[in-house]
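Subject: Structure for you to look at

Hello,

Here is the structure I promised to hand over. Please open it first, then read my notes with it on screen.

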Amino acid sequence: KNNAKAMEKELVTCSLQEKENTPIDRRQIFHIPQHKALETKVIVVLGKAGMGKSILVQKICQDWSNGEFSQFEFVFWFDCNQISLSEEQYSLKELLLEFFVKPQEGSKEIFEYILKNPDKVLLIFDGFKGLHDHENFSRCSASQPEKDLCSIKELLSGLIQRKILNGCTLLFTARPKDRLYQYMSKVDKTIEIVGFSPQQRDLYITKYFEESPYCDSALKLIKECEYLFSHCYSPVMCKFVCFLCETVLEMGEKSLPSTLTEVFLKFFQQKIMFMQTDVTTTQNQESLATLARVAWCLGEKHQSAMKSNHIPSEEVKEFALKYGFFLPFAFPRHSDSEEEEFGSTFSDFVVQNFLCALHLLLAEELKDKNLTKYLSFLSKKKKPYNWLDVMPRFLAGLMFLQDNPYFCSLSNEDPKQSTKKQKTLLKCIRRLQINTLCPERLLELLRCVYETQNNYLLQHVALRLEPALSFLGIVLAPPDVHVLHSILKRSRKEFSLDLRSSSIDVQGLQALVSLRNVTSFRASLSDTVRLWKSLKQTKDYELLKATTEKFVLDPFKVKTMKDISDLSNLVEVQRKMMNCMQEASGCTNYQIPAIRNLRKLEFALGPACGLQGLLKLVKILAAFPSLQHLDLDALSENGIGDEGAKSLSEVFPTLTSLETLNLSQNKITDLGAEKLATALPSLSSLKTLSLYNNNICDFGAENLAKVLPAMTSLRVLDVQYNKITGVGAQQLTDSLQKCPHIKNLVMWNPTIPFGVLEHLHQLDSRISM
C-alpha cells in the first residue's frame, strides 16, 4: 500500500504537463538517451482501445524481419489477453522458445546465447491490462532460468523488476487508464498513440475505397455525417465506418446512420442476417444472445479472450468464428505428445462492447431499474466500467432503438419491454442532479444522451448545464467535441469553458469557442496560439478577434518550462498579429485582452528549473500591464537565488500595477536583498512584500531598512525565518518609525533573541512576534 502511494507521489512529481502531440518515427521508439548500459529498458506505448497499438507492434515485428531495428537479434511478441489465460508454469526458456516460437533445433544453444546477450533481445507484451492482477504475485528471480518454473505473471514481474534477463528491452502496450503506476519508476520512456490526424483520416478513407466504384462519393458521404466522421480519428472506428459506408452505397442508400449505436446495429445485421431463412434467423438470434452473455462475463473480468472449451456450445463457437466475431489462437504445448489446446478472442474491443450492451438489454434476469446502474454517469462505483468504456453509450442508444428494424432482426424482445426501459432511463436522468457530476461523468452523460437522439433528453440536459463548465484534464476526443458542441447549441445560457489539458485539436477548439453562447474559455496556451495562427492564415480576422476577446488567462500558474515558452509565444503572437488585429478592430493599439488583463502569475518550477525559468520569464513580464500579484513561492522551492533576484529587480520599473510580491523560500542572501532594495521603490503600487525563509542577514536587513520610507504604498513586510540578528531587527524597527503607512512587519527569526524581539514589539505594536 505504501509503495503504491510512493509511486503515486512520483507520478505527481514527474508531471506529464510538458507532453505534446509530436509525430515520431518508429525507429525513435527505442532511443533512450543517457540510459545505463547493460540495464533493462522499459518502454510503454499508451493508447485508448482501437488506436492501433497492436498494429504498431506488428509493424515493428515486420520491420525487424526486413532488416530494421538491427540492434535486436531476437524479437518475441506476446498477446497478454491470450497468455493470461494459461494456468501452466513455464521456465523463461519455455516462455521464449515454446510459447512464442519453437526452433526446429538448437534450442539450448539459442537460449544460452540469449542469456549472454540480453541487450540483443526485444520482448513485446501487447495489451498489458490482460495481466492486471500481476502485482499480487511474488517476484520470480529465476536463478536457473532454463529450469525454474513460474507462472507467466511471475515471469513478467521478474522481467520488469530486472530480476530476469536484465539488459533486455521490454515494450508494453496498454490503455492510458490501466494500472501502471506501481511500475512507473521502472519505465524509461512513455509514448501515447492519439489516433489519426485529419490528413491521415482522409488518407485512410481514400485508400479504403481506392479500387471501389464509390471512390469519389465515399469520403463526401462520410464527411456529411459529422458525428461519424469525428469517430474516424480512431483507426478501428474508421474501419467500421468505411465498411458501413460501402454497404450503404452498394444498397443504393444516400445517407449514413446518425449515431454509433445505429452503425453497429447495421453492421451486425449485415454480417448475420443477409440471405437467410426464418429458421436460421431464430438460431442466429439465440447464438447472438449467448455470445453477448459470453462478452459480458469476460468484460466484467477485463478480458477479451477465453479457452475454446469454455464456450457454451459448438454452435455458438461456429457462429462467432463464421461471422468474424471471434478469432482463434493456439496455446503452446510442453511436448509434442500433449494435446493442442485452443482459445478464442473477440476480434475487436468495440464488437465486445456492443455485445455487452446487447446482453444487458436482453438478459431476462435484469430488471429495468437495474439497467441504469451500468450507465457510467449513474453508477455508484468510483471508476465505473472504464474497461468497457463504449458499452454505456451503446446501452443508452439501444434503449431508444428497439423499434428499429435492424434491432428487431437481432432479437425478439417484446416492444412493451423496450418502452418500459426508455421510461426508466428518462426518469433517472430527470432526477439526476447534473450540476453535481464531476467532469468525467458529465461528459459520459452527454455521450449517452447523444446516442439516444431523443429530443426531450437532449434539451433537458442542455438546459441544466452549469454556466461554468470545466473539462480540465479530461481528454476531449473529436466525437466528444461534436457531442458537446451540439448540446451547447441547444441551450440559451451563456457558457464559460475550461479546456486546459484536454488534448483538444484545433478544429474542435475552433468549433466550441466559435459558439455565440460561449462567452469565455480557457485552453492550453499552445492550442490557443495554434488556433489563432490558423485563423490568421485563413484571414478570418472577425473570428480571430472574437476568440481573442473570449480567451481567459488569469490566474496563470507556471509549472513547467513549456508554460514559459507558451507564454512567450503568446506575447510574440500579440506582436506579430498587431497589424491585422488593428485592421479588424479599428483600434490603433490593440492588445489581446487575456494579456492585458492578467492579474495573478504564480511560478512553481522547483529548484531544477527555477532560475532558468525565471530568467526567461522576466523578459516578458513587461507585456502584462495589469499584473498585480507575482508569487514565486512554491512547495518545492524555486531557489532563484541572488541571480534571480537581481534579474527580477531590473524589470521592477515596468511592473507599475504590482501589489503583491512573494519571494519566499528562494535562497536569497544579502547580495540579492541589496539588489532588490535598490529597485523596490520603483514598484509604486506594491502593498505586500514577502521574503520569508531566505538567507538574508543583517546587511540585507540594513539595505531594506534604508528604502522602507520611500516605499509609500507598502503595507506588509515579511522577513521572518531568515538569519537576521538583533542588530538588523533594530535597524528595521528604526526605519519603521519613519513609515506610518506600513501596517505590519513580520520579523520573527531564530537568530533574534526573544527578549529583543519582545522589546521591539513593545516599542512598535506593528512588529509581529
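Start at His-741. Its side chain reaches the backbone oxygen of Met-711 at 2.9 Å. Keep in mind that this is a predicted model.

His-741 sits in the loop between α31 (726-736) and β20 (744-746). Is His-741 buried or exposed? His-741 has a relative accessible area of 15%. Buried means under 20%, so His-741 counts as buried. Leaving aside residues up to four places away in sequence, His-741 touches Leu-708, Pro-709, Met-711, Thr-712, Leu-714 and Arg-715.

Now step back to α31. Its buried residues are Gly-726, Gly-728, Ala-729, Leu-732, Thr-733, Ser-735 and Leu-736. What covers them? The cover includes α30 (698-707), β20, α32 (754-763) and β21 (767-768).

Next, go to Thr-261. This residue lies in helix α11, which spans residues 260-272. Thr-261 has 0% relative accessibility, so it counts as buried. Which residues does Thr-261 touch, not counting those up to four places away in sequence? They are Phe-354, Arg-393, Phe-394, Gly-397, Leu-398, Leu-401 and Glu-451. Look at two of these. Gly-397 is 136 residues from Thr-261 along the chain, yet their C-alpha atoms are separated by 5.7 Å. With Glu-451, the side chain of Thr-261 makes a polar contact of 2.5 Å.

Helix α19 covers residues 439-452, and helix α21 covers residues 478-489. Two packed helices are described by the angle between their axes and the distance between the axes. Here the axes come within 10 Å and cross at roughly 80°. The two helices, α19 and α21, are therefore roughly perpendicular to each other. From α19, the residues in the contact are Leu-443, Leu-446, Arg-447 and Tyr-450. They meet Asp-480, His-482, Val-483, Leu-484, Ser-486 and Ile-487 in α21. By type, the contact of α19 with α21 has 6 nonpolar, 2 polar and 2 charged residues.

Last, the cysteines. A disulfide is a covalent bond between the sulfur atoms of two cysteines. How many disulfides does the structure hold? The count is 0. Compare two cysteines for yourself. Cys-61 has a relative accessible area of 19%, so Cys-61 is buried. Cys-697 has 27%, so Cys-697 is partly exposed. The cut-off for buried is under 20%.

Best wishes

How values were computed. Residues are numbered from 1 along each chain as its sequence is written. This is a predicted model: local features need pLDDT of at least 70, side-chain atom pairs count only at pLDDT 80 or more; totals for chains, interfaces and linings use all residues. Side-chain values use heavy atoms; hydrogens and water are left out. Helices (H or I, at least four residues) and strands (E, at least two) are DSSP runs, numbered from the N terminus. Buried means under 20% relative accessible area, exposed over 50%, partly exposed in between (1.4 Å probe, protein chains only). Contact means heavy atoms within 4.5 Å. A polar contact is a pair of N or O atoms within 3.5 Å; within protein, one must be able to donate a hydrogen and the other to accept it, and residues adjacent in sequence count only if both atoms are side-chain atoms. Axes are lines fitted to C-alpha atoms, for helices over the stretch in contact, and angles run from 0 to 180 degrees between N-to-C directions. Angles under 35 degrees count as roughly parallel, over 145 as roughly antiparallel, 65 to 115 as roughly perpendicular and the rest as oblique. Ala, Val, Leu, Ile, Met, Phe, Trp, Tyr, Cys and Pro count as nonpolar, Asp, Glu, Lys and Arg as charged, and the others, Gly among them, as polar. A disulfide is a pair of cysteine sulfur atoms within 2.5 Å.
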